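Have a look at the sequence and structure first, then read on.

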Amino acid sequence: MSSPSPPLPPPEPPYLPPPAYPSGPDIAVLTLAGNGNKVLAAAGRDCLPQLVMHCHFEGLLRLLATTLKESRQAMVRNLCCVCLHHALQYWPLPTLAPVGALLEKTSAAAATDAANDVRSLARKALVQYQI
């Protein structure tokens, strides 16, 4: 008689690399704001500031700062500045404290942006940060 073979180990789950760029509803709304469809872009521009005002999550600020630095679309950079300004106005200070240096650095860099609207909004956000 042959001896029973040892049991096979359970199969490993397939490896899924993390996405190269953050994903989720917040990034979806950001990409929606840069959409060529005017109705969808307007919906994204209206939705994201409301989301920022009511959802106090520091990861959202990191995402906005990264998108502000990396985006090539002036409308998306403009929306990021609007959202950062709303966060500085409406969020409690303990929530902003861990990302304060990032906000200051990002707002200062955006104050020299090529788009006039982005520059003015970044300056407003920088003034709001200093208050």
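## Where α4 meets α7

In this predicted model, helix α4 touches helix α7 through Ala 74, Arg 77, Asn 78, Cys 81, Val 82, His 85, Leu 88 and Gln 89, which meet Asp 117, Val 118, Leu 121, Ala 122, Lys 124, Ala 125, Gln 128 and Tyr 129 of α7.

How are the two helices arranged? The axes of α4 and α7 (residues 116-130) lie 9 Å apart, at an angle of about 15 degrees. Because angles under 35 degrees count as roughly parallel, α4 is roughly parallel to α7. Their crossing is left-handed.

On the α3 side, the contact uses Leu 61, Leu 64, Thr 67 and Leu 68, while α4 brings Val 76, Arg 77, Cys 80, Cys 81, Cys 83, Leu 84 and Ala 87. These residues divide into nine nonpolar, one polar and one charged.

## α4 itself

Now for the helix in question. α4 runs over residues 74-90, and its 17 residues reach 24 Å from first C-alpha to last, close to the 24 Å expected.

Is α4 mostly covered or mostly open? It is mostly covered, with 12 of its 17 residues buried. Among the buried residues are Arg 77 and Cys 81, along with Asn 78, Leu 79 and His 86.

Key
Residues are numbered from 1 along each chain as its sequence is written. This is a predicted model: local features need pLDDT of at least 70, side-chain atom pairs count only at pLDDT 80 or more; totals for chains, interfaces and linings use all residues. Side-chain values use heavy atoms; hydrogens and water are left out. Helices (H or I, at least four residues) and strands (E, at least two) are DSSP runs, numbered from the N terminus. The expected span of a helix is 1.5 Å times one less than its number of residues. Buried means under 20% relative accessible area, exposed over 50%, partly exposed in between (1.4 Å probe, protein chains only). Contact means heavy atoms within 4.5 Å. Ala, Val, Leu, Ile, Met, Phe, Trp, Tyr, Cys and Pro count as nonpolar, Asp, Glu, Lys and Arg as charged, and the others, Gly among them, as polar. Axes are lines fitted to C-alpha atoms, for helices over the stretch in contact, and angles run from 0 to 180 degrees between N-to-C directions. Angles under 35 degrees count as roughly parallel, over 145 as roughly antiparallel, 65 to 115 as roughly perpendicular and the rest as oblique. A crossing is left-handed if the near helix is turned anticlockwise from the far one by less than a right angle, and right-handed if clockwise.
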